[in-house]
Amino acid sequence: MSTLPPRAGRRCHNALNPLHSCVYFSPDLGKEFGELGVDNDSRVYFAARGAALGATGAGAVTATFYNFNHELVARHLPSVWSDISPQAALDARLRAADSTLRRVLGEETITSPEMAEAAGLALRAAEACTRHARPLYAAHADLDVPEQPHLAYWHAATLLREHRGDGHLAALLGAGLDPLEALVSHTATGKGMAPRWILATRGWRRADWDAAVERLRDRGVLDGEGELTDAGTALRAELEAATDRMDAAPYEHLGAEGVERLTELGRGFLFAAAAAGAFPEDLVGKG
C-alpha cells in the first residue's frame with residue numbers, strides 16, 4: 001500500500017520533467033551540435049537523447065522513443081555517428097543544459113541552496129529506480145552524476161523522466177495503442193502536444209494522423225468530432241494510473257515529506273523557466 005497521497009509521484013514528475021525537456025527546445029542545443037557539424041533538428045534530437053544508448057541504429061531508438069515514425073529515425077541513425085561520437089553528443093547535451101538553465105533560471109537560482117537541496121532530493125528518489133525492462137532509463141543510469149548542483153538536478157530529472165517514460169510505454173502496449181494512436185489520444189485530452197508539432201517533429205503525415213483518428217473512432221475512444229468519449233477518457237486515466245503504479249518506487253523511497261518538498265522546489269524552477277520563455281507558446285493543445 002502506498003504511503004503517499006494520491007498522484008503525488010505524478011505531480012512531482014510533472015514539476016521536474018518539463019525542465020529536463022526544455023533543453024530540447026533550447027537554441028543552445030542546436031548551437032552546441034552545430035559547432036560539431038550536426039545541424040539538422042531531428043538529427044540533433046536523436047543524437048542528443050539517444051547517445052546514452054551508444055552508437056545504436058534506428059531500430060533501438062524507434063523502440064525506446066516509441067512515437068516517432070521509423071522512416072524519420074532511419075534517415076538519421078546510425079549515420080549521425082559518423083559525424084559525432086555518442087560521448088561527444090552527451091558532452092554537447094550537458095553543455096547545452098548548463099547554458100540553458102543559467103539563462104532561464106539565472107545565476108542566483110543556479111547557485112542557491114534550494115537548487116542544491118532539489119538536486120539531493122531528486123537523486124535520492126532516483127536511487128529506487130530499476131533497470132529491468134527500462135532501457136532508456138538504464139542507459140542514462142550508467143552516466144556519471146555531474147558535480148554542479150543544477151546539472152545534478154537536471155541529470156536526476158532525466159533519470160526520473162526516462163524511468164517513468166519506459167513504464168508508460170509498457171502501459172501503452174498493454175492498452176493496444178500504437179505510437180500515433182497514443183499521440184492522438186493524448187492530444188485529445190488537451191494536455192498533449194499540438195498536432196502541428198507532432199507532424200513537424202515526429203515524421204508522421206497528415207494522412208497518418210487521420211488514419212489513427214479513424215482507428216480510435218472505431219474503437220470508441222474518440223467521437224465524431226475527434227473528442228474523447230467516456231471510454232476514451234477512462235482509457236487515458238487508466239494509462240496514467242498504470243504508469244503511476246510502475247513508477248511508484250522512487251517517490252515511495254523519497255517519502256511523503258521529501259516528495260512534497262521536491263515538488264515545491266521543482267514547480268518554482270519550472271515557473272521561472274516558463275516565464276523566461278523556455279517553452280514554445282503553442283506546444284500544447286488540440287489545434
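Modeller: Start with two rings. Phe46 is buried, and so is Phe65. Keep in mind that this is a predicted model.

Colleague: How is a pair of aromatic rings described?

Modeller: By the distance of the centres and the angle of the planes. For Phe46 and Phe65, the centres are 6.2 Å apart and the planes meet at 40 degrees, so the pair is tilted. Phe46 belongs to helix H3 (residues 41-50) and Phe65 to helix H4 (residues 58-65), so the pair ties together parts 19 residues apart in sequence.

Colleague: Which residues do ring pairs link into a cluster with Phe46 and Phe65?

Modeller: Tyr24, Tyr45 and Phe68 join them in that cluster. Phe65 also has a charged neighbour: Arg49 lies over its face, at 4.5 Å from the ring centre.

Colleague: How many aromatic pairs does the structure hold?

Modeller: It holds 9. Take Phe25 and Trp197: their ring centres are 6.1 Å apart and their planes stand at 90 degrees, so this pair is edge-to-face. It links distant parts of the chain, 172 residues apart. Phe25 sits in the loop between helix H1 (8-21) and helix H2 (27-34), while Trp197 sits in helix H12 (residues 195-201).

Colleague: Is Trp197 buried or exposed?

Modeller: Buried counts as under 20% relative accessible area. Trp197 has 18% relative accessibility, so it counts as buried. Phe25 has 31%, so it is partly exposed.

Colleague: Now the core. Which residues touch the most other members of the largest nonpolar core?

Modeller: That core has 66 residues, and the ones with the most contacts to other members are Leu16, Phe33, Phe46, Leu105, Tyr153 and Leu262. Another core lies apart from it, with 23 residues, among them Leu177 and Ile198. Back to Tyr153: beyond four places in sequence, the residues it touches include Leu16, Met115, Leu262 and Phe269.

Methods
Residues numbered from 1 in each chain as written. Predicted model: local features only at pLDDT ≥ 70, side-chain atom pairs only at ≥ 80, totals over all residues. Heavy atoms only, no water. Core = buried A, V, L, I, M, F, W, Y, C linked by side-chain atoms within 4.5 Å. Buried < 20%, exposed > 50% of the residue type's maximum accessible area, 1.4 Å probe, protein only. Contact = heavy atoms within 4.5 Å. Phe/Tyr/Trp six-rings, centres within 6.5 Å; stacked < 30°, edge-to-face > 60°. Helix = DSSP H or I, 4+ residues; strand = E, 2+ residues; numbered from the N terminus. Lys NZ or Arg CZ within 6 Å of the ring centre and 35° of its normal.
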